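Student: I am new to this structure. Please show me how to read it.
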Amino acid sequence: MRFIWPLDNHAISRDFYYRGSIYIGGQHMAIDIPANRGAVVKAVAAGKVREAGFSDINGNYVDIGHDAGWRTKYRHLMEPAFVNVGAAVFQGQVIGRVGSTGWSTGPHLHFDLWNASRQSPEAVYKVGVWAHNPELYLGQEDDEMDEAEARRIAKEEANFAVKVNRENQDGFNQHLINLIRQAITAAVADHAAGPHTGKDEVSEARMRDIAREEDDRLEVTKR
Ligand SMILES: [Zn+2]
């Protein structure tokens, strides 16, 4: 099961904890996510609305059932949920807006993640359900996308490194070829400008050419 975050904000103002049931405030079997009043609340996964209503504690709330025994509950909504009991919802569907109705000191979403059976060690048994820490489950889809993205980037970088290597190799080979060509040209010029021509003028011109080519070759080697 993959869950997206119910709000654009992914910060948590009060996390999931269980310190014991014998004193007040010893447990918070959900997370609180702060947001501006009126911020849209989205269904974290596709499912079907089990409950939608109002109570003094929860304020306006909606409870959605999902595949594999999962349930999510969204509390303290500003106004009644946008979906009715029995309605099918899709992942990301706007189901209400953040408010501060019920026992709440300011606008935030109190978000519960339950399952009929225990899915991970931190889960705590409540009446008929196991409360799970939403922080461990929300945004898994995002994480997987990040992993896929990371794999894609790693692959691109590897391909790029191979390409640069190959280009460097090609460049180096070309450099060697140029050096050899220049050496051959110089040798041929040497031979052509040899003493058998019998003309000093030509010989001098050839000597200058050879000297210039020598300079060029040194330039290439320095690079
Ligand atoms: Zn809360």
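Tutor: Start with contacts: two residues are in contact if their C-beta atoms, placed from the backbone, lie within 7 Å. Leaving aside residues up to four places away in sequence, Tyr-17 touches Gln-27 and His-28. Residues are numbered from 1 along each chain as its sequence is written. This is a predicted model, in which local features need pLDDT of at least 70, side-chain atom pairs count only at pLDDT 80 or more, and totals for chains, interfaces and linings use all residues.

Student: In which strand does Tyr-17 lie?
Tutor: Strands are DSSP runs of E, at least two residues, numbered from the N terminus. Tyr-17 belongs to strand 1, residues 17–18.

Student: Why does Tyr-17 count as partly exposed?
Tutor: A residue is buried if 20 or more other C-beta atoms lie within 10 Å of its own, exposed if 12 or fewer, and partly exposed in between. Tyr-17 is partly exposed because it has 14 C-beta neighbours inside 10 Å.

Student: How many residues of strand 6 are buried?
Tutor: In strand 6 (residues 59–65), 6 of the 7 residues are buried.

Student: How does strand 6 pair with strand 5?
Tutor: Two strands pair if DSSP finds at least two bridges between them. Strand 5 (residues 47–55) and strand 6 are antiparallel, with 7 bridges. Their hairpin has 3 residues between the strands, and Lys-48 is opposite Gly-65.

Student: What joins strand 6 to strand 7?
Tutor: Strand 7 (residues 70–77) runs antiparallel to strand 6, with 5 bridges. Here Gly-65 faces Arg-71. The hairpin has 4 residues between these strands, and Ala-68 takes a positive phi near 60 degrees.
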